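Colleague: I have a model open and some questions about it. Can we go through it piece by piece?

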Amino acid sequence: MILILKPDTTKSSADYKRLMEYLANLPNIQIRIHEEQGVQQTLTEIYLIGDTAPLNLNDMDGLPGVERAVRVSEAYRILGRHKVDVRATHFDYNGVRFGQDTLNVFAGLCAVDTPEHVELMMKALRDNGQVCTRMGAYKPRSNPYSFQGHGKNCLPYVFELAGKYGIKVIAMEVTHESHVEEIREALKQTGHPTGVMLQIGTRNTQNFELLKIVGRQKEFPVLLKRGFGITLEESLNAAEYLASEGNRNVVFGLRGMKTNVGDPHRNFVDFSHVPVVKRLTRMPVCIDPSHSVGSRDSAPDGILDIVTVTAQGVVAGANMVLVDFHPAPHKALVDGPQALTLEELPYFLEDVRIAREAYEKRSLLAKRLNT
Ligand code: PEP
Ligand code: MN
């Protein structure tokens with residue numbers, strides 16, 4: 001059960017103290033407190049864990065300082081959607097809103113290689129009205145002899161160039177806790193010209209110790225990729241790990257499942273799960289068409305499979321698109337064969353716009369039927 005307190009109920013208030021006294025006397029119940037520091041107000045939620053079945057919802061609703069009590073199902077206590085759930089389905093980071101009703105495109109380099117390529121990418125994004133990108137500095141590679149990413153050495157120029165071209169959020173994968181510290185330090189040294197969304201890749205979806213560490217910090221939001229060989233439920237539980245440690249600014253990423261059933265695509269595209277994740281949880285949902293499809297193949301109509309599956313995800317209500325671009329794909333050190341070119345960026349964005357408009361019309365149509 002969750003007790004959502006009235007906004008701005010402080011720990012020193014009489015109501016809060018009386019509430020705590022009452023909760024402390026409940027048998028077999030542990031409490032966990034979560035505070036959300038908003039721009040305008042502080043919101044406090046108290047999680048009651050344990051034997052909550054005997055508790056009466058109306059009684060709990062009436063406790064001092066409580067605005068509303070919500071009974072939660074066992075799964076995804078924090079990120080899940082529960083009955084009569086009034087909690088937000090969005091968060092704001094560095095001036096950008098991430099919600100189940102917004103759409104942000106993160107086009108960029110799979111792996112940072114040279115400052116020139118980073119600058120060309122950032123400039124193309126600015127020229128096309130984009131404020132988000134993806135930039136890989138730490139690359140998890142199947143082969144130990146493959147390029148592993150420039151790591152912390154590239155961070156200063158990546159962040160400075162992002163600032164120069166008005167990029168507000170960079171999705172960047174981390175595979176170790178030290179990477180979070182390196183990103184924090186480089187942002188500080190460069191004067192915070194941009195923001196970072198920490199990405200946890202599909203190989204680390206169930207790296208619980210990494211999840212706990214990334215979940216314990218609240219400075220950066222997190223993009224958690226779905227595990228490529230586990231159930232959706234297991235991946236959603238991984239997201240809940242982040243939230244249970246304190247960070248609920250989590251975007252859930254679909255990136256295809258590893259199976260030969262999906263051949264010749266690199267992974268079996270799973271974007272039909274966009275509405276499922278939105279129904280089960282309050283997380284915005286990201287799709288990664290590049291790592292799903294893995295090639296620049298196209299159909300006889302001339303449309304690249306990457307563009308088609310992007311449209312499928314967006315038509316289904318996706319909230320974020322993470323997609324590989326490169327100014328010179330043949331020179332890319334990682335995943336060149338699946339990268340779109342800068343010349344294709346305006347075309348790609350227009351295709352996304354068409355799909356989004358279709359989604360918005362579909363959603364209005366459904367509302368009309370249901371009212
Ligand atoms: C990536 O986005 O660069 C990446 C490695 O993705 P995934 O973890 O989905 O394979
Ligand atoms: Mn890649």
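**Strands, domains and a ligand**

Modeller: Gladly; this is a predicted model. Strand β2 (residues 29–37) pairs with strand β3 (residues 42–50) in the antiparallel sense, over nine bridges.

Colleague: How many residues lie between β2 and β3 in the hairpin?

Modeller: The two strands are antiparallel partners. They form a hairpin, and the residues between them number four.

Colleague: What separates the centres of domain 1 and domain 2?

Modeller: Domain 1 covers 2–71, and domain 2 covers 92–369. Their contact takes six residues from domain 1 and five residues from domain 2. Taken over C-alpha atoms, the separation of the centres is 36 Å.

Colleague: How do the residues of the shell around ligand 1 divide into nonpolar, polar and charged?

Modeller: The residues around ligand 1 include Cys110, Gln199, Thr202 and Gly201. Among them are also Lys139, Glu173, Lys225 and Asp288. The division is one nonpolar, four polar and seven charged.

Colleague: How far is an N or O atom in the side chain of Arg255 from an oxygen atom of ligand 1?

Modeller: A polar side-chain atom of Arg134 lies 2.7 Å from an oxygen atom of ligand 1. For an N or O atom in the side chain of His291, the distance to a ligand oxygen is 3.4 Å. For Arg255, the value is 2.6 Å.

Colleague: What share of the accessible area of ligand 1 does the protein cover?

Modeller: Arg255 contacts an oxygen of ligand 1 at 2.6 Å. On its own, ligand 1 has 300 Å² of accessible area, and the protein covers 97%.

Colleague: Which residue does a cis peptide bond join to Asp263?

Modeller: Most peptide bonds are trans. Here omega is about 10°.

Colleague: What is the phi of Asp8?

Modeller: Asp8 is in the loop between β1 (2–5) and α1 (14–24). Most residues other than glycine have a negative phi. Asp8 is not a glycine, yet its phi is positive, at about 65°.

Technical notes. Residues are numbered from 1 along each chain as its sequence is written. Chains are lettered from A and ligands numbered from 1 in the order in which they are written. This is a predicted model: local features need pLDDT of at least 70, side-chain atom pairs count only at pLDDT 80 or more; totals for chains, interfaces and linings use all residues. Side-chain values use heavy atoms; hydrogens and water are left out. A residue is near a molecule or strand if one of its heavy atoms lies within 4 Å of it. A polar contact is a pair of N or O atoms within 3.5 Å; within protein, one must be able to donate a hydrogen and the other to accept it, and residues adjacent in sequence count only if both atoms are side-chain atoms. Accessible areas come from the Shrake-Rupley method with a 1.4 Å probe; for residues, only the protein chains shown count as cover. Ala, Val, Leu, Ile, Met, Phe, Trp, Tyr, Cys and Pro count as nonpolar, Asp, Glu, Lys and Arg as charged, and the others, Gly among them, as polar. Two strands pair if DSSP finds at least two bridges between them. Domain bounds come from an automatic or database domain assignment. Contact means heavy atoms within 4.5 Å.
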